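Q: Please take a close look at one part of this model. Go through its geometry, its faces and its surroundings.

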Amino acid sequence: ADSLRRLDHPSGLRIGTAVNTDLLASTPQYAQITAQQFDSVTAENVMKWEVVEPQRGTLDFAAADRLVDFAHANKQRVRGHTLVWHSQLPSWLQATITSTTDAAGNRVDTSSLPASELKALLKKHVQEEVGHFKGRVWQWDVVNEAFNEDGTPRQDVWYQAWGGTGYIADAFRWAHEADPQAKLFYNDYNIEFTGPKSDAAFALAKQLKAQRVPIDGVGFQTHLDTQYGFPDLQANLQRFADLGLFVAETEVDVRSTLPVTAAVQAKQTSYWTQTLQACLAVENCISYTAWGFGDAYSWVPGTFPGQGAANLYDEDLAPKPQYTALQDVLRTT
Ligand code: G3I
């Protein structure tokens with residue numbers, strides 16, 4: 001059967017996957033599928049700050065470099081994930097942070113470090129990481145998950161240090177200086193359909209464009225659950241594209257309550273079909289990335305106990321109907 005990457009779509013759309021670099025080294029079948037099926041890769045974890053600066057001032061890009069080397073050996077592009085986030089911070093930084101909850105139920109993080117030090121740390125991190133991979137990363141998720149579900153800005157330590165969302169524009173500017181060729185993305189989940197969070201991301205993107213901040217695109221993570229729909233994905237992608245931005249589906253998976261019945265499996269398959277069709281229908285949609293491919297290795301069961309079967313391949317790395325559905329879309333659209 002044709003691999004997903006060999007079904008090169010005339011639009012040039014890249015089909016990607018998140019990669020677990022431990023499995024890449026330990027499991028030949030995993031490495032073989034990664035190389036044969038996909039023409040873009042994202043580090044599932046090893047480009048995150050906690051991995052690349054385990055001790056303050058000590059950088060470790062070894063695992064990420066191995067992935068980038070693998071990608072280049074296999075003529076794959078790299079999505080860099082992720083520079084500015086509230087999560088997976090290095091333990092030496094996390095240790096300075098305490099979390100509370102505000103009246104609306106949203107988390108508020110406070111670091112004991114002064115704002116000036118937090119600002120300097122973030123600037124150094126962005127410059128060092130983007131600089132390290134200069135010329136080798138196609139798209140960077142510069143800022144990840146900056147909004148709460150209600151559309152208010154997430155009160156993380158970056159928001160604290162800047163006294164607002166000004167860290168976002170600064171991070172894009174620093175990243176652009178460090179690698180002017182890289183396409184710079186804002187990335188978030190639950191923004192696939194319109195609503196307060198998607199509207200907040202849209203307002204941000206519009207504002208950054210108006211201020212000539214070097215943002216190139218918006219990533220829609222697309223972690224879906226068959227209990228919920230995504231009624232206007234294509235129109236929503238299009239409104240961001242109409243701002244003059246690229247868009248991408250960056251972390252697609254479709255989870256359900258286990259065990260999955262035939263009817264639920266059919267629903268999952270239709271979600272995969274529809275998400276790829278939506279991307280193909282939007283001219284500026286330049287990549288479609290699955291968040292891993294094997295059900296045995298998914299983040300889902302650990303985060304949503306009792307749920308799973310979210311990927312294109314089953315527990316034994318055999319392709320599921322979801323995989324065949326993507327082949328059909330690429331062949332026929
Ligand atoms: O590396 C340690 C290992 O040493 C230790 O033995 C093990 C024990 O739990 O934990 C390992 O770290 C885990 C890490 O993944 C690497 O495997 C963490 O516990 C685990 O929490 C972490 O989960 C990752 C999660 O981000 C953290 O937020 C998932 O693999 C990863 O798929 C997930 O990815 C995120 C995207 O970055 C952003 N969008 C949402 C998406 C899903 O949550």
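A: Helices are DSSP runs of H or I with at least four residues, strands are runs of E with at least two, and both are numbered from the N terminus. The model is predicted: local features need pLDDT of at least 70, side-chain atom pairs count only at pLDDT 80 or more, and totals for chains, interfaces and linings use all residues. Residue numbers start from 1 along each chain as its sequence is written.

Now the helix itself. α4 covers residues 62-73, twelve in number. From first C-alpha to last, α4 reaches 16 Å, close to the 16 Å expected at 1.5 Å a residue (1.5 Å times one less than the number of residues).

Next, its faces. A64, L67, V68 and A71 are the buried residues of α4 (buried: 20 or more other C-beta atoms within 10 Å of the residue's own; exposed: 12 or fewer; partly exposed: in between; C-beta atoms placed from the backbone). They line one face of the helix, because seen down the axis of α4 they fall within an arc of 95°, taken from the directions from the helix axis to the C-beta atoms. An α-helix has 3.6 residues a turn, so residues three or four places apart point the same way. On the other side of α4, A62, D69 and A73 are exposed.
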